[in-house]
Amino acid sequence: MEISSVFEQMLVLLILLLVGVAAAKTGVVDQETNRRLTRFALVFPQSAQIISSVVGEDLDITAGQLVGVFGAACVMYGVLVALGFLTPVLYRFKKEDRGIYSFMTIFGNVGFMGFPVAETLFGSKGLFYAAILNMPFNLLAYTLGISLLHRGQGKTKISWRQLVNPPLISAIIAIILLLTKIHIPTPVADAIDLLGDTIVPLAMIIIGASLGSQKLSEVFGDWRSYAFAPVRLLVAPVLVWAALRLFITDTVLLGTMTVLAAMPVASFATMLSIQYGGNEKIASRTVFVTTVLSVVTIPIVCWLLPIG
């Protein structure tokens, strides 16, 4: 694996992110427009990207192997959940802020940044693995994640309808298509593939526009973001890799899961914080700092750990 190619890919993503920042600062994209773009990206391009990972590809993956991937995901998120509860205590963060830091430790930017990076490093098979791994991610984010954001603010009533979302449904469709070998007409397959390709620039612009609505002086002035960043960007992937390498022999699966664990804080941490009473200011600052630093840390993780 060429580290230079990983670094170049991360620079491309950062440039697109800065385009989003510029769009927000110049008023081209306001907060309402960005919310609508986010919804569009999640419903259509990201779903298309997941399905396109199996359409037209000859991926020899059995049902048993898929179960194995899901089992490995349980181990991965078990490690991240343990780290998520331990980190705020070790840093001695305020009790009212520990929930958001636990959330940010567990949930990285798997969809918007993880998918394109996994595809760049490991091809369509890596993207498909990322899609499968996104299923437990969604289940945890809308159950445990919401309860963490509401820590100290009473019980949260979680609707099971929140678990049914386009990326999760698309992952299930992808599994069915893969196992049944259903043929998709070429024009439809090409349209799905083309729509899926738009998620990379669109996602980075959305994240940038979200960050651009914040005051940079506040973002860069919070020392906790810098102190926390190594946990999410370096400690998390190392622990995940150390745990999974004990029983995973598929280098693509091990590499994909390690890289996903190395992603910056999930961009929707801010949106869910606003909706469910979390600290959206801390979330926004840490998303920005970890996203910028990930340009350097992701290549470092790929270089230090034998993942591909």
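1. A nonpolar core here is a set of buried Ala, Val, Leu, Ile, Met, Phe, Trp, Tyr and Cys residues joined through side-chain atoms within 4.5 Å. The model is a predicted one. Its largest nonpolar core holds 95 residues. Met76, Phe128, Leu244 and Met257 have the most contacts inside that core. Helix α6 supplies the largest share of the core, 20 residues. In soluble globular proteins, nonpolar side chains tend to be buried together.

2. On the aromatic side, the count is seven pairs, with ring centres within 6.5 Å as the rule for pairing. Phenylalanine 107 and phenylalanine 137 have ring centres 5.5 Å apart and planes at 90°, so this pair is edge-to-face; the cut-off for that class is over 60 degrees. The pair links distant parts of the chain, 30 residues apart. Phenylalanine 107 sits in the loop between α5 (98-106) and α6 (110-149), while phenylalanine 137 belongs to helix α6.

3. Phenylalanine 107 and phenylalanine 137 are both buried. Ring pairs also join these two with Tyr77 and Phe103 into a cluster.

4. How do helix α3 and helix α8 cross, and at what angle? The axes of α3 (residues 45-52) and α8 (residues 186-197) come within 7 Å and cross at roughly 125°. That angle makes α3 oblique to α8. The crossing of α3 past α8 is left-handed.

5. The contact between these helices involves Pro45, Ala48, Gln49, Ile51 and Ser52 on the α3 side. On the α8 side, Ile192, Asp193, Leu195 and Gly196 take part.

Note on methods: Residues are numbered from 1 along each chain as its sequence is written. This is a predicted model: local features need pLDDT of at least 70, side-chain atom pairs count only at pLDDT 80 or more; totals for chains, interfaces and linings use all residues. Side-chain values use heavy atoms; hydrogens and water are left out. Rings of Phe, Tyr and Trp (its six-membered ring) pair if their centres lie within 6.5 Å; planes under 30 degrees apart count as stacked, over 60 as edge-to-face and the rest as tilted. Helices (H or I, at least four residues) and strands (E, at least two) are DSSP runs, numbered from the N terminus. Buried means under 20% relative accessible area, exposed over 50%, partly exposed in between (1.4 Å probe, protein chains only). Axes are lines fitted to C-alpha atoms, for helices over the stretch in contact, and angles run from 0 to 180 degrees between N-to-C directions. Angles under 35 degrees count as roughly parallel, over 145 as roughly antiparallel, 65 to 115 as roughly perpendicular and the rest as oblique. A crossing is left-handed if the near helix is turned anticlockwise from the far one by less than a right angle, and right-handed if clockwise. Contact means heavy atoms within 4.5 Å.
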